[in-house]
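Please look through the structure below slowly, turning it as you read, so that each part of the explanation can be found in the picture.

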Amino acid sequence: MNLTDRVAVITGGAGGIGSALGRRFAAEGAAAVVLADLDADAARMVAERIGPVAHGVGLDVTNATQVHALVDETERRYGRIDLFCANAGVATGGGVDAPDADWERAWQVNVLAHVHTARAALPGMLRRGQGYLLFTCSAAGVLTAVGDAPYTATKHAAVGFAEWLAITYRDQGVRVSALCPQGVDTPMLADGLAAGHLGARVIAASGAVLTPDQVADATIAGLAEERFLILPHPEVATYARRRAEDPDGWQAGLRKLVRKLRAAG
């Protein structure tokens, strides 16, 4: 995937990784970058800063009708969608006792929004015999997110769904990647650290905290190579191998880190 003259849609495009992807896609020569976000005004402001190739719109990714309308309008306006980045996501900071509403919100945003995306974008891509779906799934989707059970469960589901799509549609010209960064300097992590949440502290202690622009750089490289797993933090691949080879040892190591952080207050 080369971004030159491509039409890209990015959900969660008003900030963090989403806005960084928008800036980078434009710099790579994209023909159009559609930034969709629940905060429509913020999406439009980011688009204005990027320049004339960018267009900001409001979108609730949990609303299938709105997702289909976005795809239809983008294809009407630009003729096609080459790359759809389902980037919106939510964390809860809760455990098994998190309210049902938090579990449902995580399921709707972190999983079903990707299903809505696939249902809306695939028909056009399959007709053209080409297209790309990029899902932001988080390292939690291949490892775990200590302190956030809904996030862990739904991000694992997102990676599983992305893999199913990759196996099912790659031979029909549709490529799929799962973007799985670990710690990224976004409000999601910053707010968790400010509140002293255990999960955020584990992330900060587990490796480098990247900027959204660094994640965008890694994404460009991953798309160019059409890798299924795009890992801005290379150490995640090492962790995943250790986890697969020795699940008990992997869990013991995480428990040790959690005990250390709790003892430190």
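Predicted model: local features only at pLDDT ≥ 70, side-chain atom pairs only at ≥ 80, totals over all residues.

Residues are numbered from 1 along each chain as its sequence is written, and side-chain values use heavy atoms, with hydrogens and water left out.

A nonpolar core is a set of buried Ala, Val, Leu, Ile, Met, Phe, Trp, Tyr and Cys residues joined through side-chain atoms within 4.5 Å, where buried means under 20% relative accessible area, exposed means over 50%, and partly exposed lies in between, as computed with a 1.4 Å probe on protein chains only. The largest such core has 48 residues, and those with the most contacts inside it are Leu70, Phe84, Leu133, Phe135 and Leu165. Helix H4, which covers residues 100-128, gives the most to this core, with eight residues; helices (H or I, at least four residues) and strands (E, at least two) are DSSP runs, numbered from the N terminus. Leu165 is in contact, meaning heavy atoms within 4.5 Å, with Ala118, Leu122, Leu133, Phe135, Arg170 and Val176, if residues up to four places away in sequence are not counted.

Axes here are lines fitted to C-alpha atoms, for helices over the stretch in contact, and the angles run from 0 to 180 degrees between N-to-C directions. The axes of helix H6 (residues 187-194) and helix H7 (residues 198-205) come within 7 Å and cross at roughly 115°. Angles under 35 degrees count as roughly parallel, over 145 as roughly antiparallel, 65 to 115 as roughly perpendicular and the rest as oblique, and H6 and H7 are therefore roughly perpendicular to each other. Their crossing is left-handed, a term for the case in which the near helix is turned anticlockwise from the far one by less than a right angle, with clockwise giving a right-handed crossing. On the H6 side the contact is made by Leu189, Gly192 and Leu193, and on the H7 side by Ala200, Arg201, Ile203 and Ala204. Leu193 itself is partly exposed, with a relative accessible area of 37%.

Helix H7 also meets helix H10 (residues 247-263), and the axes of these two come within 10 Å and cross at roughly 110°. H7 and H10 are therefore roughly perpendicular to each other as well, but H7 passes H10 in a right-handed crossing. Here Leu198, Arg201, Val202 and Ala205 of H7 meet Leu254, Leu257, Val258, Leu261 and Arg262 of H10.

Val7 is found in strand E1, residues 7-11, and at 2% relative accessibility it counts as buried. Leaving aside neighbours within four places in sequence, Val7 is in contact with Ala32, Thr74, Tyr78, Arg80, Ile81, Asp82 and Leu83. Val7 and Glu75 are 68 residues apart in sequence, and their C-alpha atoms are 9.2 Å apart in space. Thr186 is found in the loop between strand E6 (174-179) and H6; at 15% relative accessibility it counts as buried, and, with neighbours within four places in sequence again left aside, Thr186 is in contact with Gly16, Ile17 and Pro212.

Asp5, in the segment before E1, has a phi near 65°, a positive value in a residue other than glycine. Ser138, in the loop between strand E5 (131-136) and helix H5 (149-169), has a phi near 80°, which is also positive in a residue other than glycine, and Ser138 is buried, with a relative accessible area of 10%.

How many disulfides does the structure hold? With a disulfide taken as a pair of cysteine sulfur atoms within 2.5 Å, the structure holds zero. Cys137 is in no disulfide, and the nearest cysteine sulfur, that of Cys180, is 5.1 Å away. Cys137 is buried, with a relative accessible area of 0%, and Cys180 is likewise buried, with a relative accessible area of 0%.
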